[in-house]
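Work through these exercises with the model open beside you. Try each task before reading its solution.

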There are 2 protein chains.
Amino acid sequence: MSAIPAVPRSARTRSWWGWGYTDAHPDDVECAAMGALLPGTLARPLPIPRIADLPIARPTVTPPPSLAHLATADPRVRAAHAMGKAYRDVIRALRARPGRIPDLVAHPTVDREVADLLAWAGEHDVAVVPYGGGSSVVGGVEYRGDAHRAVLSLDLTSMDRVLEVDTAGRSAHIQAGALGPVLEEQLRPHGLTLRHFPQSFEFSTLGGWLATRAGGHYATGRTHIDDFVQSLRVITPAGAGTSWRLPASGAGPSPDRFFLGSEGALGVITEAWMRLQERPRHKAAASVAFTDFHRALDAVRAIAQSDLAPANCRLLDAGEALFSGASRDGSSVLVLGFESATGPVGDRLASAVDLARAHSGRAETPPADRDASADSAGSAVSAWRSAFLRMPYLRDGLARMGAVVETFETAATWDKLPALIDAVRTELGAAALKITGHPATINCRLTHVYPDGAAPYFTVAVAGRPGDEVEVWDDIKAVAGEILHRHRATITHHHAVGRDHRAGYDLQRPEPFALALRAAKDALDPHRILNPGVLLD
Amino acid sequence: MSAIPAVPRSARTRSWWGWGYTDAHPDDVECAAMGALLPGTLARPLPIPRIADLPIARPTVTPPPSLAHLATADPRVRAAHAMGKAYRDVIRALRARPGRIPDLVAHPTVDREVADLLAWAGEHDVAVVPYGGGSSVVGGVEYRGDAHRAVLSLDLTSMDRVLEVDTAGRSAHIQAGALGPVLEEQLRPHGLTLRHFPQSFEFSTLGGWLATRAGGHYATGRTHIDDFVQSLRVITPAGAGTSWRLPASGAGPSPDRFFLGSEGALGVITEAWMRLQERPRHKAAASVAFTDFHRALDAVRAIAQSDLAPANCRLLDAGEALFSGASRDGSSVLVLGFESATGPVGDRLASAVDLARAHSGRAETPPADRDASADSAGSAVSAWRSAFLRMPYLRDGLARMGAVVETFETAATWDKLPALIDAVRTELGAAALKITGHPATINCRLTHVYPDGAAPYFTVAVAGRPGDEVEVWDDIKAVAGEILHRHRATITHHHAVGRDHRAGYDLQRPEPFALALRAAKDALDPHRILNPGVLLD
């Protein structure tokens with residue numbers, strides 16, 4: 001084992017109001033070009049919002065001298081911590097109608113400071129919103145209402161070090177505030193990687209992934225961050241605790257699984273021991289086109305039920321394939337990728353492609369094993385990868401054109417999937433038309449697949465009613481949630497519940513578990529200061 | 001989907017006091033032969049105990065007429081439900097010192113009856129001990145103390161049907177009281193299998209597996225029953241609930257994972273949708289001998305960290321190998337097995353054997369892919385398999401010879417394993433000698449392996465002090481628990497906590513989770529009738 005001192009940080013500027021880095025935002029010309037594809041949008045983009053235009057009041061509380069150095073009331077910092085990065089957040093920034101702006105933002109550097117801040121907040125009726133990368137797309141990092149005297153955004157990103165690496169045991173002790181690139185950079189010298197690459201990778205933290213049960217790199221098998229947790233450290237107002245580093249245990253209900261997904265409502269995750277991977281030495285990728293989306297679903301099911309275990313197995317419907325450049329002929333496209341640190345994976349890819357062909361798939365790229373350092377996959381695969389990382393930026397560009405854009409994701413068993421996907425296309429499309437008067441574009445892809453089902457991810461884009469985009473979004477979201485509920489598809493597969501999914505979550509959660517969760521909340525957070533409104537009232 | 005009516009049941013007679021079927025018990029001659037191998041044991045076996053010799057009082061409660069038909073006060077049934085099948089239970093039966101015998105045994109057939117029994121028990125201060133196959137080896141299905149007016153054993157085995165099979169989605173809706181063979185028999189016509197084969201397979205139920213987070217067939221990957229759960233139905237005194245059938249979800253902390261491992265203390269699991277496997281069509285097995293156990297550990301780690309994913313990867317130390325007949329020359333033996341419904345597995349076996357050879361292993365059986373219907377693996381593999389199922393019967397034979405036998409299992413990260421295993425051998429051996437005056441036999445095997453650690457399983461056998469075997473066992477158990485705690489190895493990997501592991505569990509469980517668990521218990525079981533003493537006071 002060895003400790004690693006260096007912590008790299010990006011020099012690029014994060015946007016306070018929109019996704020990612022400011023230098024990657026589409027410019028006005030690109031925004032207008034995108035808007036032209038969606039009937040009814042604005043003639044020119046909304047201006048980039050200015051913090052000076054926001055209603056930022058003076059803080060209503062002052063931290064005690066012992067904690068004052070950790071907290072700031074700087075309006076720019078507070079504005080950047082007011083909301084996450086859902087469409088709803090971006091349009092509220094663009095319309096200068098942000099969520100409640102926190103009174104203070106604190107940057108603790110050690111556990112003791114986290115505990116002291118919680119104790120102070122509990123005594124002074126200050127709501128505490130744990131904050132990692134701030135990339136929540138479900139209203140997970142804002143405060144709604146006015147039940148508390150003040151709001152503190154608890155930014156964990158000053159706790160971003162890999163504390164220890166166990167090379168032989170392939171695991172590392174990592175502080176929760178490390179952003180994806182920050183922790184991967186520290187693991188790289190050891191030849192190890194967490195291999196958790198959500199779309200938000202650059203802008204989200206380990207603690208955020210754990211608190212929201214983030215979905216990661218692998219499309220099959222260990223799809224969620226949950227499976228990579230060896231041990232968690234959690235600080236609650238009622239005390240702190242650390243689970244033992246264990247490869248597995250059967251001692252009572254899993255303590256870690258109770259805090260995974262707790263979204264900051266039960267405690268603050270400050271550290272975790274995570275299971276790592278060797279960097280893959282072998283990769284192979286291919287794409288397969290399908291004329292019939294339902295045949296493609298069958299192909300994906302066959303692959304998910306084999307023991308081939310692709311790392312990537314993403315099915316794009318015709319709209320997604322067109323948008324990402326993976327196909328221009330109206331085909332659905334299945335993007336397959338295999339990787340291994342142990343041995344060649346070309347045979348597994350070939351077997352998967354064979355299964356796809358048996359379900360009427362047309363393989364675009366001849367499967368070939370290749371060195372992992374090369375990145376010369378088929379054009380559809382590359383196109384998809386680039387588009388994937390660019391999507392949230394484009395969403396913000398569309399928002400500036402007055403479009404309403406919603407991305408929502410779910411999971412359901414195979415028997416329910418065809419009807420669910422059809423219902424979203426037809427019913428949500430009809431609802432969006434009724435709400436806005438404009439036709440909506442609705443695309444679907446499968447992001448993660450399982451032997452017993454899959455996780456569809458939907459993108460809805462429609463021209464909004466200028467000035468009422470939030471209300472339009474809320475109405476569309478309500479219809480989407482109702483469709484998911486009716487089909488018994490989970491309200492979220494990996495985006496979390498936050499505040500935006502509460503209605504669906506409350507209906508879905510079994511009542512005995514709701515009772516247990518409420519009781520645990522009372523016990524761990526007696527002053528009810530922790531991220532009020534997520535998961536529970 | 002289709003429903004299946006037939007429910008097969010075994011015609012063989014279960015032992016009320018010892019493991020398994022009475023016709024498989026070793027006879028007096030075999031008992032004496034085993035005893036002769038362990039210095040200081042009795043000259044002749046203790047007689048098989050008789051229910052007539054037990055102190056069985058009249059029940060102190062009577063169920064209401066509406067529930068009377070579900071309950072029995074038959075002394076034979078009550079005696080058979082008084083304890084599980086730990087050594088501690090068997091010796092108490094042999095010494096006519098059983099745990100508290102339940103006043104009544106109820107056999108509900110539908111959820112409504114379970115709920116009604118819980119309601120009645122809550123009103124009348126009757127402790128309820130959920131009971132499946134009764135194979136607990138941790139004191140999980142008995143009542144200790146006298147804090148309640150009466151004790152009801154809630155036997156779920158009348159709820160043993162596979163209610164529905166989703167063939168395309170490879171899952172089934174199964175009642176919790178189905179014993180292993182009973183559910184497999186109902187799945188067989190569909191070409192599907194749960195493939196959960198703990199040592200207790202014939203004598204344990206789905207509900208028991210779920211409530212105790214049982215370890216199953218697979219030595220790598222999805223080692224616990226947890227990973228095969230799609231949905232759970234739980235009945236608590238505060239209400240019932242069913243989680244949705246989902247292939248995966250990220251909506252809040254997993255509700256199922258909170259009830260998995262709850263050991264009947266939070267509710268009664270009555271049904272589950274379980275993920276199934278196709279029956280494997282390809283199998284391959286081999287054994288590898290090692291002169292040096294520590295080199296064997298390195299070999300196992302290399303295999304666990306590859307992506308070969310053996311179904312079986314059990315490392316026997318010299319004593320285990322000798323006992324099971326896998327080796328007679330003092331070698332440690334690694335038993336490897338691969339299986340697949342998709343394609344041949346000979347290559348994967350060959351790669352695993354190569355890894356073992358690279359760590360000084362000597363392959364005994366030339367790896368060869370074979371049809372799954374054949375069962376002609378190497379002799380060490382076969383010997384191990386037979387011995388595995390016979391072990392608990394032999395333990396009872398040794399108990400009849402006055403031996404004290406304890407099997408305990410744990411899991412730890414790779415960095416801790418060598419010192420842990422050495423400490424158990426030396427320190428526990430010394431303690432057993434000091435406690436009993438006799439040398440102990442201590443064997444170790446790895447039952448499940450992970451990229452970041454493994455699960456060792458220890459067997460300790462030593463001549464007891466006649467009449468004081470329970471006290472000797474308690475003393476040895478305390479030393480074992482202390483060693484595990486000092487090495488930060490879990491108090492149980494798959495046997496559960498029950499009552500026998502409470503001391504270690506209480507020390508291991510992080511305090512915030514303890515607070516949450518206690519609060520949940522108060523909310524779900526306000527009268528504190530559910531399996532009092534497991535997990536919590």
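**Exercise 1.** List the buried residues of α16(A).

*Solution.* Apply the cut-off: buried means under 20% relative accessible area, exposed over 50%, partly exposed in between (1.4 Å probe, protein chains only). The buried residues of α16(A) are A:P512, A:F513, A:A514, A:A516, A:L517, A:A519, A:A520, A:K521 and A:L524. Next, take the helix itself. α16 of chain A covers residues 511–524, 14 residues in total. From first C-alpha to last, α16(A) reaches 20 Å, close to the 20 Å expected at 1.5 Å a residue. The expected span is 1.5 Å times one less than the number of residues. Helices here are DSSP runs (H or I, at least four residues), and strands are too (E, at least two), numbered from the N terminus.

The model is predicted: local features need pLDDT of at least 70, side-chain atom pairs count only at pLDDT 80 or more, and totals for chains, interfaces and linings use all residues. Residues are numbered from 1 along each chain as its sequence is written, chains are lettered from A and ligands numbered from 1 in the order in which they are written, and side-chain values use heavy atoms, with hydrogens and water left out.

**Exercise 2.** Describe the interface of chain B and chain A.

*Solution.* Start with the residues. Chain B gives 81 residues to the contact (heavy atoms within 4.5 Å) and chain A gives 81 residues. Now the area. About 5,900 Å² is buried between the chains, and carbon and sulfur atoms give 63% of that. Buried area is the accessible area (1.4 Å probe) that two parts lose on being put together, summed over both. Then the charges. Six salt bridges cross the interface; each is a side-chain nitrogen of Lys or Arg within 4 Å of a carboxyl oxygen of Asp or Glu. B:R245 and A:D415 meet in a salt bridge at 3.7 Å, N to O. Finish with the elements. Helix α16 (residues 511–524) of chain B supplies ten residues, the largest share of the side of chain B that touches chain A.

**Exercise 3.** How many residues of α4(B) are buried, and what do they pack against?

*Solution.* Helix α4 (residues 87–94) of chain B has eight of its eight residues buried. They pack against α12 (379–400), β17 (403–409) and α14 (469–486) of chain B. Just after α4(B), B:A96 takes a positive phi of about 55°.
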